[in-house]
Amino acid sequence: MLNDETITRIADELVQAGHDRVPVKRLTARYPQMTVEDSYKVQNLWRQRSEANGRLLAGRKIGLTSRAMQMATGITEPDYGIIFDDMVLESGCSVEWDKYTHPRVEMELAFKLNKDVEGPGANIFDVLNATEYVIPALEILDSRIEMEGRTIVDTISDNAAMGAMVIGGNPMKPSEIDLRWVAGILYKNQVVEETGVAAGVLNHPAAGVHWLANKIAPHGDKLNAGEIILAGSFTRPMWVAKGDTVFADYGRMGTVTCLFS
């Protein structure tokens, strides 16, 4: 495990990398003894630095919950990160490509909570009961750490690669649709690049939400009413370049689109 001085230095590096858009060298190459616990300490300190600069918590993201994403990254354990209010964009927006490093896009579902979900022992019924609505979302992945050879330790430290999210479509209550069978088609410049079904996320997209509630419970944390929880991708990440248009079709749940300018 790393000492507090090293944890602080890494968190400060990542804050600076977010401003400069220059990824830092891979952490596990520099600190091979670094653990998952260390990486969450880095993430939490990065969160504190961000909040001290005026950013407000909007919710959480869950990553690496589907086989599609695990196969794409070589990482088999889910992770989680923080969503700040300035990361939440609306469908039809123009996204400044230069604000991100190696941006990629994924299709996901987001859960808007109107009740707390608290572990240990939280289950899928707790999540569905606490959900005001589910809404289609695109996640824009970012990278403040060089990507080659990354492990889950690097990814967690990098706020689970969270860049931003674009929400849109038709918000629906969990009782109005079979969330396992929500399917999506992801287009880039009018060409189908990825397809997927939400059951690819731990067999039910709500499963990742109660996994997260139980994961953070030992730290005295819980998912709070009002938070939006990005449940994990059911497509592989799609690379985007400046000038690309992205269009995601979720069937009954509507569409989400954005332009990288």
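Helix 1 has 17 residues, and its first and last C-alpha atoms lie 24 Å apart, close to the 24 Å expected at 1.5 Å a residue. The model you are looking at is predicted. Stay with helix 1 for a moment. Its buried residues are Thr6, Ile7, Ile10, Ala11, Leu14, Val15 and Ala17. An α-helix has 3.6 residues a turn, so residues three or four places apart point the same way. Read the list of buried positions again with that in mind. These buried residues pack against helix 2 (27-30), helix 3 and helix 6. After helix 1 comes arginine 21, and its phi is positive, near 65°.

Now move to helix 3. Its 17 residues should span 24 Å at 1.5 Å a residue, and its end C-alpha atoms are 24 Å apart, so the two values agree. Which residues of helix 3 are buried? They are Asp38, Ser39, Tyr40, Val42, Gln43, Leu45, Trp46, Arg47 and Ser50. Their packing partners are helix 1 (4-20), strand 1 (57-63), strand 2 (79-84) and helix 6 (152-157). Just after helix 3, glycine 54 takes a positive phi of about 100°.

Is glutamine 43 buried or exposed? Its relative accessible area is 4%, under the 20% cut-off, so glutamine 43 is buried. Look at what surrounds its side chain. A polar atom there lies 2.9 Å from the backbone oxygen of isoleucine 156. Leaving aside residues up to four places away in sequence, glutamine 43 touches Tyr80, Gly81, Ile82, Ile156, Ser157, Asn159 and Ala160.

Next, find the loop between helix 6 and strand 7 (162-167), where alanine 161 sits. Alanine 161 is not a glycine, yet its phi is positive, about 60°. Its relative accessibility is 7%, so alanine 161 counts as buried. Compare asparagine 203, in the loop between strand 9 and helix 7 (205-216). Asparagine 203 is also a residue other than glycine with a positive phi, near 75°. At 47% relative accessibility, asparagine 203 counts as partly exposed.

Strand 9 leads us to a sheet. The sheet is open, has five strands in the order 4-13-12-8-9, and its pairing is mixed. Strand 9 pairs with strand 8 (residues 183-188) in the antiparallel sense, over six bridges.

The bond from glycine 119 to proline 120 is cis, with omega near 0°. Proline 120 lies in the loop between strand 5 (104-113) and helix 5 (124-130).

Finally, look inside. In soluble globular proteins, nonpolar side chains tend to be buried together. Here the largest nonpolar core has 76 residues. Those with the most contacts inside this core are Leu109, Phe111, Leu138, Met165, Leu223, Val246 and Tyr250. Take leucine 223 as an example. Not counting residues up to four places away in sequence, leucine 223 touches Arg60, Leu113, Asp116, Val117, Val209, Leu212, Ala213, Ile216 and Ile229.

Note on methods
Residues numbered from 1 in each chain as written. Predicted model: local features only at pLDDT ≥ 70, side-chain atom pairs only at ≥ 80, totals over all residues. Heavy atoms only, no water. Buried < 20%, exposed > 50% of the residue type's maximum accessible area, 1.4 Å probe, protein only. Polar contact = N/O pair within 3.5 Å; in protein donor to acceptor, adjacent residues only side chain to side chain. Contact = heavy atoms within 4.5 Å. Helix = DSSP H or I, 4+ residues; strand = E, 2+ residues; numbered from the N terminus. Expected span 1.5 Å × (residues − 1). Pairing = 2+ DSSP bridges. Core = buried A, V, L, I, M, F, W, Y, C linked by side-chain atoms within 4.5 Å.
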